[in-house]
Amino acid sequence: MAVYLFITSLYAAVVLGGDERKGLFLPLSYRHRFPCALASLAAPVIMAAGSALLALWMAGSFGGLLRETGAMLVYCAGLIILSWLLKVIARTPQALCSTIPFFIIGSLLFCPVFVDGGRFIDGLDRIGRLFPPWYYLKFFS
């Protein structure tokens with residue numbers, strides 16, 4: 001679910017970039033543009049986090065309401081900030097969208113999603129620290 005939320009945040013930033021290019025936020029006053037754009041980015045991430053928490057609860061893997069929701073809120077806030085920064089760095093929605101396969105493969109290979117590669121190959125866990133799911137997964141291990 002950590003990788004799922006990460007990719008959701010990246011794609012939300014791609015969609016936001018497309019909306020900005022189409023001029024969706026231009027009718028708004030200047031002081032309302034940033035909050036509305038941020039809400040547009042955050043909404044899919046928060047909804048996906050809600051479904052992730054519900055799936056954890058239904059699977060019997062829920063580690064307590066306060067612990068799970070607190071960790072999820074911190075993780076989502078970090079993802080929203082990172083996705084916004086990547087959107088600013090990439091400058092175009094197409095450029096940001098082209099990074100998504102890199103982030104998927106990197107998150108699955110270097111983060112302890114299926115197997116903790118750092119136990120078998122020395123230094124592999126250091127590469128995982130470049131990807132946000134590593135921090136969320138290490139919080140629970």
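I first looked up the largest cavity, which holds about 30 Å³ of space (on a 1 Å grid over the protein atoms alone, a cavity is a set of points where a 1.4 Å probe fits but cannot get out, and lining residues have an atom within 4 Å of a point; the volume is the space filled by probe spheres set on the points, which are joined across faces, edges and corners). The model is predicted, with local features needing pLDDT of at least 70 and side-chain atom pairs counting only at pLDDT 80 or more, while totals for chains, interfaces and linings use all residues. Residues are numbered from 1 along each chain as its sequence is written, and side-chain values use heavy atoms, leaving out hydrogens and water.

I noted Leu109, Phe110, Asp116, Gly117, Gly118, Leu124, Asp125 and Trp134 as the lining of the largest cavity. Helix H4 (93-110) and helix H5 (124-128) are the elements that each give two or more residues to this lining (helices are DSSP runs of H or I, at least four residues, numbered from the N terminus).

I then turned to helix H1 (residues 2-22) and helix H6 (residues 132-139), whose axes come within 9 Å and cross at roughly 145° (axes are lines fitted to C-alpha atoms over the stretch in contact, and angles run from 0 to 180 degrees between N-to-C directions). Ala2, Val3 and Phe6 in H1 meet Pro132, Pro133, Tyr136 and Leu137 in H6, contact meaning heavy atoms within 4.5 Å.

Last, I found eight aromatic pairs in the whole structure (rings of Phe, Tyr and Trp, the last by its six-membered ring, pair if their centres lie within 6.5 Å; planes under 30 degrees apart count as stacked, over 60 as edge-to-face and the rest as tilted). Among them, Phe102 and Phe131 form a tilted pair, 5.9 Å centre to centre with 50° between the planes.

Key. On a 1 Å grid over the protein atoms alone, a cavity is a set of points where a 1.4 Å probe fits but cannot get out, and a pocket is an open set with protein on both sides within 12 Å along at least five of seven lines; lining residues have an atom within 4 Å of a point.
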